[in-house]
Amino acid sequence: MKALILYLPILDWGRTYSRDALTNDLVAAIIVTIMLIPQSLAYALLAGLPPEMGLYASILPLVAYAVFGTSRALAVGPVAVVSLMTAAAVGKLALPGTADYAAAAIVLAFLSGLFLLAMGLFRLGFMANFLSHPVIAGFITASGIIIATSQLKGILGIKADGENLFQLIQSLLLHLSDVNIPTLIIGVGATAFLFWVRKGLKPLLLKRGLTPRMADIMAKAGPVAAVAVTTFFSWALGLSKYGVAIVGTVPQGLPPLTIPSFNADIWTSLIGSAVLISIIGFVESVSVAQTLAAKKRQRIIPDQELIGLGASNIAAAVTGGYPVTGGFARSVVNYDAGAETPAAGAFTAIGIALATIALTPLLYFLPKATLAATIIVAVLSLVDFSILRTTWNYSRADFAAVAATILLTLGFGVEIGISAGVGLSIFLFLYRTSRPHIAEVGRVPGTEHFRNIKRHKVETHPEILTIRVDENLYFANARFLEDYLYDRVVGDKRLKHVVLMCSAVNEIDTSALESLEAINHRLSDMNIKLHLSEVKGPVMDKLQRTHFMSDLTGRVFLSQYAAIRELHADSGGTVSQTEPT
């Protein structure tokens, strides 16, 4: 039963589901449904897909996550960045608006689902840790700028395209003379209204005496109000006759069952994009899920989240949707609205399903400029340049990675940008761990503590050298340790003992073991003994299974203090005071 609960978290929280939880989940579902309807339509158009595919991607995927996901507040569905990446990936295979384009998006969702599901089943969630958060933040900031810029064509009522910021700006300037005035009025008006709703409506409603819960619901209904009002004026004034682009016919009814194409060429073309979309979606989903869970002292299981998101994407693929993931803003709204369990997502799916049955005919006259305004207002909240200042002050290497990711994404598009970000994250990890911090340490007078001789006033022994390595020892840094030690001991005629302090070493791989053997042998040729201190249990267990321990010229000490005390007693040398530099 425990194994079943591990893979089906619904069996865990479902056993204790109460009437109060039901009430809270229903209220949260109403608020998120109101928010999700215009967003789903808008993000589908951002992906170059028919608007109904956004609604379809907001029904069964939410139910799948409610069954398999572990977050009590994560709201799954179409999101801006994944929609942009979908357009970039599928746009290489077919033209937007064609049946082949939609079919490719369905395949992309299916591949993303399979990849996430496989990572979850094989417990590979840790792989996402190789993508640093600053790089992700830089990518999302750049993507937000590209998305907002790409939607200006909808606000202006002109044609414009491009895969990167510069192409988009060039295309917008080229067609600027074709601005449609009625579209511009609708677009600017809707954008201004939605910005005001975000900041000013709730305080105004609270001043008018509404309860915080009711004021929050009405504020979240702002995009729906914009859709309703602009659709009414579009119908009443016949704005489509004046060049205002409208959504047109949206199929009425529940999502159709679809079978993804199994064409090998399509799979080969999309597999790389599916992996990138999966990684970005997973990292962002887990980040927001962990943040919200911590507020209620709950926990999520990242590997099970992979299964939940994988099931959601497969559900999207078999019901005419496209790739989905957990949305940050939507999840925060879900949490603030009082969602108690993943059932809130299932109730949201019911609300969206009812909308596809009853409301889609009312969307015929909806101006696309309103949806463009919805996207712009939503994505500009993702743009955060403070990450540049933070990384500049803290780590210049991280700053370089963030800046490079932003510039490459803006200059060459989302796929090249995030691919470069992944590459930079892995490169920085390898660079840092291949050149670990190594300190020569001495004893703080009157204590059993040992600190860096360059930072503290400590006692050292001319015949004893203690080196502390602040990193795991593995193939990438093994030679660095060898070179450091050889450079330090060569020419020091008084040296009799080298102690490798292993308090920060959690792992020694085979390459590092070979380096330790070489160090032991070469120091022996110099009549210097190699000792180890503060070796952790799991590391010692592995070392004891090798001949290194029998070949070791020195000893293994439980503590560095014990090593210095015994070696100093054996050598009878003097004690030196070392000042920090």
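**Exercise 1.** In which loop does methionine 127 lie? Determine also how accessible methionine 127 is.

*Solution.* Methionine 127 is found in the loop between helix 7 (99-121) and helix 8 (133-150). Helices (H or I, at least four residues) and strands (E, at least two) are DSSP runs, numbered from the N terminus. The model is predicted: local features need pLDDT of at least 70, side-chain atom pairs count only at pLDDT 80 or more, and totals for chains, interfaces and linings use all residues. Residues are numbered from 1 along each chain as its sequence is written, and side-chain values use heavy atoms, with hydrogens and water left out.

The next step is accessibility. With a relative accessible area of 42%, methionine 127 is partly exposed; buried means under 20% relative accessible area, exposed over 50%, and partly exposed in between (1.4 Å probe, protein chains only).

Finally, Met127 belongs to a nonpolar surface patch together with Phe126, Phe130, Ile426, Phe429 and Leu430, and their accessible area together is about 520 Å². Patches are made of residues with over 30% relative accessible area and no salt bridge: like charges are joined within 9 Å, nonpolar side chains (Val, Leu, Ile, Met, Phe, Trp, Tyr) within 5 Å. The areas come from the Shrake-Rupley method with a 1.4 Å probe, and for residues only the protein chains shown count as cover.

**Exercise 2.** How many salt bridges does a search of the whole structure find? Describe two of them.

*Solution.* The search finds 10 salt bridges, each a side-chain nitrogen of Lys or Arg within 4 Å of a carboxyl oxygen of Asp or Glu. One of them joins lysine 92 and glutamate 415 (3.0 Å, N to O). This pair links distant parts of the chain, as lysine 92 lies in the loop between helix 6 (80-90) and helix 7, and glutamate 415 in helix 21 (residues 414-434), 323 residues apart.

Another joins arginine 443 and glutamate 459 (2.9 Å, N to O). Arginine 443 is in strand 3 (residues 438-443) and glutamate 459 in strand 5 (residues 458-460), so the pair ties together parts 16 residues apart in sequence. Arginine 443 counts as buried at 18% relative accessibility, and glutamate 459 counts as buried at 15%.

**Exercise 3.** Why is the pair of tyrosine 474 and phenylalanine 475 classed as it is?

*Solution.* The structure holds 11 aromatic pairs. Rings of Phe, Tyr and Trp (its six-membered ring) pair if their centres lie within 6.5 Å; planes under 30 degrees apart count as stacked, over 60 as edge-to-face and the rest as tilted.

For tyrosine 474 and phenylalanine 475, the centres are 4.9 Å apart and the planes at 80°, so the pair is edge-to-face. Tyrosine 474 counts as buried at 14% relative accessibility, whereas phenylalanine 475 is exposed at 56%.
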